[in-house]
Amino acid sequence: MRNNIIAIIAITFVVMGTLWGVGNLTHPHNQHTTAKVEGILLIAQNNVFNETNPDIYVKTNIPKKIVVVNKDFVRHDFIVNELNVNTAYLSSEQVFTTAIASKNQGIFEYYCSLHPSTMHGKIIVKS
Ligand SMILES: [Cu+2]
């Protein structure tokens, strides 16, 4: 008698677990909606981006958020010709959010059109 009860409880757990598993398979949770967006903060100050014009690494087909902040009194922009990125002129203290996305691997130059000699760096896109 006691063994029967234990068996029934065990079978119930197995059945419930199977149903739960099947439910997850047929109605998967959409994990992409809560995915964290990876981003980069670029501060334009003293006519340079982040003091060193850092290389920016991007994976193919995964957009990378770019936030550009102008901390100078003069205007700056942020341009990547091959990837169709152009913030237009940002005035002092202006913040602009854009994204870099590419299907193709490659190395692309980013720059400020007003200070191209001191404000330029590389965007490295890899799969
Ligand atoms: Cu500039």
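Is Ser-102 buried or exposed? Ser-102 is buried, with a relative accessible area of 9%, where buried means under 20% relative accessible area, exposed over 50% and partly exposed in between, using a 1.4 Å probe and protein chains only.

The model described here is predicted, so local features need pLDDT of at least 70 and side-chain atom pairs count only at pLDDT 80 or more, while totals for chains, interfaces and linings use all residues. Residues are numbered from 1 along each chain as its sequence is written, and side-chain values use heavy atoms, with hydrogens and water left out.

**Overall architecture**

The chain has one helix and nine strands, and from the N terminus on its elements run α-β-β-β-β-β-β-β-β-β; helices (H or I, at least four residues) and strands (E, at least two) are DSSP runs, numbered from the N terminus. Of the 127 residues of the chain, 29% count as buried. Among contacts between residues at least 6 apart in sequence, 61% join residues at least 24 apart, a contact being heavy atoms within 4.5 Å.

Four strands form an open sheet in the order β2-β1-β4-β7, with mixed pairing, where two strands pair if DSSP finds at least two bridges between them. Its edge strands are β2 (48-49) and β7 (95-100), each of which pairs on one side only. Strand β1 (residues 39-45) runs antiparallel to β2 and is joined to β2 by two bridges, and Ala-44 stands opposite Phe-49 in β2.

**The core and its aromatic rings**

The largest nonpolar core has 19 residues, of which Phe-49, Phe-78, Val-80, Ile-100 and Ile-123 touch the most other members; such a core is a set of buried Ala, Val, Leu, Ile, Met, Phe, Trp, Tyr and Cys residues joined through side-chain atoms within 4.5 Å. At least two residues of this core come from each of β1, β3, β4, β8 and β9 (120-126). Leaving out residues up to four places away in sequence, Val-80 touches Val-85, Phe-108, Glu-109, Tyr-110 and Ile-123.

Rings of Phe, Tyr and Trp (its six-membered ring) pair if their centres lie within 6.5 Å, with planes under 30 degrees apart counted as stacked, over 60 as edge-to-face and the rest as tilted.

| Pair | Centre to centre | Angle between planes | Class |
|---|---|---|---|
| Phe-49 and Phe-78 | 5.8 Å | 90° | edge-to-face |
| Phe-78 and Tyr-110 | 5.3 Å | 35° | tilted |

Phe-49 lies in strand β2 and Phe-78 in the loop between β4 and β5 (79-80), so their pair ties together parts that are 29 residues apart in sequence. The pair of Phe-78 with Tyr-110, the latter in strand β8, links parts 32 residues apart. Ring pairs link Phe-49, Phe-78 and Tyr-110 into a cluster; Phe-49 is buried at 0% relative accessibility, as is Phe-78 at 0%, and Tyr-110 is likewise buried, at 0%.

**Loop residues**

Ser-102 is found in the loop between β7 and β8 (106-111), and a polar atom of its side chain lies 2.7 Å from the backbone oxygen of Asn-104. Apart from neighbours within four places in sequence, Ser-102 is in contact with Thr-60, Asn-61, Leu-83, Phe-108 and Val-125.

Most residues other than glycine have a negative phi. Asn-61, in the loop between β3 (56-59) and β4 (64-70), has a positive phi of about 65° and counts as exposed at 55% relative accessibility. Asn-47, in the loop between β1 and β2, has a positive phi of about 60° and is partly exposed at 27%.

Technical notes. A polar contact is a pair of N or O atoms within 3.5 Å; within protein, one must be able to donate a hydrogen and the other to accept it, and residues adjacent in sequence count only if both atoms are side-chain atoms.
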